[in-house]
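Please keep the sequence and the 3D view open as you read.

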Amino acid sequence: MFRRLLIANRGEIAVRIARACREAGITAVVVHAKDDARSLHVRTADEAILLEGATPSETYLNLAAILDAARRARCDALHPGYGFLSENAELARAVRAEGIAFVGPKAETIRLMGDKVRAREAARSAGVPVMQGYDGGGSPADYQKEAAKIGFPVLVKAVGGGGGRGMRVAASKKELPEALEGARREASGAFADPRVFLEKYLPSARHVEVQVLGDLEGRVISLFERDCSLQRRHQKIIEESPSPALDEELRGRICRAAVAVAQASGYTNAGTVEFLLDPVSREFHFLEVNTRLQVEHPVTEMITDIDLILEQVRVAAGGGLQLTQDELKFHGHAIEC
């Protein structure tokens, strides 16, 4: 197990990671901006390092400053939490280049799944259904032609997006140019990547995501699903597990599909595979993979009694998965708002 772990985050998730470190006998080191000097995550950790600067880009999003803090604190592992740099492939690469373990997937996997078009290709290669769409890259006329094939309404999505950013619904041919322009503009500002693609928009579909965990030896398991269908502006409001829309047969199918996607991408550590589910036809389609711990991970922990952060750290330290899929069970029902 590691001796010293840098928590490259703040707030609730930093407090949670520090707790897991304490239980594992690991020294928890946090970083903080000046304004966060008296925050709970600073008071909870064993050690704290000040990040110079006032804005997020100067502090928690400053890759060089985070790396320097890990060096100065002599940490042998780094946990990115969620948000900030947690899905930054360059951070994962740079941390490992320093000889420090990154508590998360490989940089190549983060880069692959961060590109939603390439992620769709990976899901197809694993035999997992993908939502009808157009991978983009053509002229405005090509988008119109493909949208007509798909059938309106269509969803315009940022290729490098996340968090509900860079998404627009076009209900008709007339609305598509404005949706394309709006999505491109937001994607360019948020992700420095203006590329967009199209997917069929299903207004009545349920949003179901599956927690997966993979080790360094290629084993992947699912820790069942979370239902996050109740949203506002593509942001999740209520997350619950188990999903009221799944029976055992459908749960088995969707969880096996999530494992297949993870295996196809060489996934290690904790991640979430997201699907859209048509509750009438009981068909589901791959959406994307979040290559980090989710905000909603406690919902899974409460029904499985598994400490996901501790499992993340164990896997990053070279430990194999301690449970097989057949041994995993869930009980009760958990809801997070």
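1. Buried here means under 20% relative accessible area, while exposed means over 50% and partly exposed covers what lies in between (1.4 Å probe, protein chains only). The helix spans residues 297-304 and is mostly covered, with 6 of its 8 residues buried. Helices (H or I, at least four residues) and strands (E, at least two) are DSSP runs, numbered from the N terminus.

2. What lies over α10? Contact, here and below, means heavy atoms within 4.5 Å. Just after the helix, D305 takes a positive phi of about 60°.

3. A word on the source: this is a predicted model, in which local features need pLDDT of at least 70 and side-chain atom pairs count only at pLDDT 80 or more, while totals for chains, interfaces and linings use all residues. Residues are numbered from 1 along each chain as its sequence is written, and side-chain values use heavy atoms, with hydrogens and water left out.

4. Next, please look at E225, which lies in strand β11. At 1% relative accessibility, E225 counts as buried. Its side chain reaches the backbone nitrogen of S243 at 2.7 Å, and a polar contact of 2.9 Å joins the side chains of E225 and R251. (A polar contact is a pair of N or O atoms within 3.5 Å; within protein, one must be able to donate a hydrogen and the other to accept it, and residues adjacent in sequence count only if both atoms are side-chain atoms.) Not counting residues up to four places away in sequence, E225 touches V208, E209, V210, E240, S241, P242, S243, L246 and R251.

5. Now the aromatic rings. Rings of Phe, Tyr and Trp (its six-membered ring) pair if their centres lie within 6.5 Å; planes under 30 degrees apart count as stacked, over 60 as edge-to-face and the rest as tilted. By this rule there are 5 aromatic pairs. In one of them, the ring centres of Y134 and Y143 are 5.1 Å apart and the planes stand at 80°, so the pair is edge-to-face. Both Y134 and Y143 are buried. Elsewhere, F275, F284 and F286 form one aromatic cluster.

6. Which residues does D193 contact? Leaving aside neighbours within four places in sequence, D193 is in contact with G160, A187 and S188. D193 is found in the loop between α8 (176-191) and β9 (196-200), and is buried, with a relative accessible area of 15%. The side chains of D193 and R195 make a polar contact (2.9 Å).

7. I49 lies in strand β3 (residues 47-50) and counts as buried at 11% relative accessibility. Apart from neighbours within four places in sequence, I49 is in contact with V29, V30, V31, H32, A69, R72 and A73. The C-alpha atoms of I49 and A257 are separated by 42 Å, and the two residues are 208 apart along the chain.

8. On a 1 Å grid over the protein atoms alone, a cavity is a set of points where a 1.4 Å probe fits but cannot get out, and a pocket is an open set with protein on both sides within 12 Å along at least five of seven lines; lining residues have an atom within 4 Å of a point. Grid points are joined across faces, edges and corners, and a volume is the space filled by probe spheres set on the points. The largest pocket has a volume of about 1300 Å³. It is lined by 47 residues, of which G161, G162, G163, G164 and E288 lie nearest its centre. Among the elements that give two or more residues to this lining are α8, β15 (269-277) and β16 (284-290).
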